Amino acid sequence: MENHLYSYSPIIRRPRLHLPHNARVAFWVGVAVEHMPLDQPGMSLNPSTAMFKPDPLNTGWRDYGPRVGIWRLMDLFDRSGIRASCLLNSDACTYYPEIVEEGKKRNWAWIAHGKNNSVRLGTMTREDERVYLTEMTQVITEATGQQPKGWLGPALTESFNTPSLLQELGYSYLLDWGCDDQPFSLNVLQGRLLSVPYSLEINDSAIYVSKTLPGKEYAQMLIDQFKVLYAEGADTARVMGLGLHPFISGQPFRIRYLQEVLAYISQQKDVWLTTSDEIATWYLNVEAEA
């Protein structure tokens, strides 16, 4: 099936892209604040118990995030000068309002991440999905005081209707399509919608859970990723998005390695420490001026 959502564009054939402040790399951190219902399967440390109700093994692992891990990450972001982009389930606004409260104090960017991480898109009718997205957006807007501009699907799920429905609801970018190191335009029924880079290859769940690599190796992977993008950014701008989960990266034995990575990146010259919202706004202005 032909891909009608976006067009093929080799990076070597694009005009040179210039970031604000003449930066080489735009670096942003997305922290997932999620709710996974007690009686429904979600991400599992041990899939063999995922069908049990209750499932203490997996539920307890995931609940470490909002109870402990997010606060450890929040402290690290503060010390590193990182303003986070929060990938927010709307159910988390109800169950963990303290996290939203503290994120608002820090002027976090708020990205819609579905209702929770057990309800996935892809099987709803267009009208059912419209209702789902509208209700989710309203909850996040009321809780944060901001209409979310960006979207990341639960488990990166979408339907063929999702992009156009999100655009109708006032969204300006998606994070689901990890096929580029620069933002690009998506094809929607009307208006404009962007894809902003968010790499699954360096997402903590992909490394720590799927590949079970240790923190030292993960830290080196992140620094290697940054170094290549930084070198290439001398010719044309690159974006590095780092996706983190508090119940994974917020564990005590992993936090020191993330601290080393953030310290390294934040100390480099010509790096724009930013949010996914700001990247989308910048690129929309670049397109408007082209």
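This is a predicted model: local features need pLDDT of at least 70, side-chain atom pairs count only at pLDDT 80 or more; totals for chains, interfaces and linings use all residues.
Residues are numbered from 1 along each chain as its sequence is written, and side-chain values use heavy atoms, with hydrogens and water left out.

**View 1**
The largest pocket holds about 440 Å³ of space. A pocket is here an open set of points, on a 1 Å grid over the protein atoms alone, with protein on both sides within 12 Å along at least five of seven lines, and its lining residues have an atom within 4 Å of a point; grid points are joined across faces, edges and corners, and a volume is the space filled by probe spheres set on the points. Among the 18 lining residues, Ser-9, Arg-14, Pro-183, Phe-184 and Tyr-283 are the closest to the centre of the largest pocket. Strand E6 (184-185) and helix H10 (276-289) each supply at least two residues of this lining, and H10 gives the largest share, three residues. Helices (H or I, at least four residues) and strands (E, at least two) are DSSP runs, numbered from the N terminus. The lining comprises ten nonpolar, four polar and four charged residues, where Ala, Val, Leu, Ile, Met, Phe, Trp, Tyr, Cys and Pro count as nonpolar, Asp, Glu, Lys and Arg as charged, and the others, Gly among them, as polar.

**View 1. The second largest pocket.**
About 270 Å³ of space lies in the second largest pocket. This pocket is lined by 14 residues, of which Asn-3, His-4, Leu-5, Phe-160 and Pro-163 are the closest to its centre. Seven nonpolar, five polar and two charged residues make up the lining of the second largest pocket.

**View 2. The largest cavity.**
The structure holds two cavities of 30 Å³ or more, a cavity being a set of grid points where a 1.4 Å probe fits but cannot get out. The largest cavity has a volume of about 130 Å³, and of its 14 lining residues Glu-34, Arg-62, Gly-65, Pro-66 and Phe-247 lie nearest its centre. Strand E1 (25-33), helix H1 (56-80) and helix H8 (246-249) each supply at least two residues of the lining, with the largest share, five residues, coming from H1. By class, this lining has nine nonpolar, two polar and three charged residues.

**View 3. The second largest cavity.**
The second largest cavity contains about 50 Å³ of space. Its lining consists of Tyr-208, Tyr-218, Ala-219, Leu-222, Ser-249, Arg-254, Tyr-257, Leu-258 and Val-261, and the elements that give two or more residues to it are helix H7 (215-232) and helix H9 (252-266). The largest share, four residues, comes from H9, and the lining divides into seven nonpolar residues, one polar and one charged.

**View 4. Helix H4 and its buried side.**
Helix H4 (residues 126-144) has 19 residues and reaches 27 Å from its first C-alpha to its last, close to the 27 Å expected at 1.5 Å a residue, the expected span being 1.5 Å times one less than the number of residues. Glu-129, Tyr-132, Leu-133, Met-136, Thr-137, Ile-140 and Thr-144 of H4 are buried, a term for under 20% relative accessible area, with exposed meaning over 50% and partly exposed in between (1.4 Å probe, protein chains only). Just after H4, Gly-145 takes a positive phi of about 80 degrees.

Ser-164, in helix H5, is buried, with a relative accessible area of 10%. Leaving out residues up to four places away in sequence, Ser-164 touches Arg-126, Val-188 and Leu-189, where contact means heavy atoms within 4.5 Å. Ala-112, in strand E3, counts as buried at 0% relative accessibility, and beyond its neighbours within four places in sequence its contacts include Met-136, Ile-140 and Tyr-171. Gly-81 lies in the loop between H1 and E2 and counts as exposed at 52% relative accessibility.
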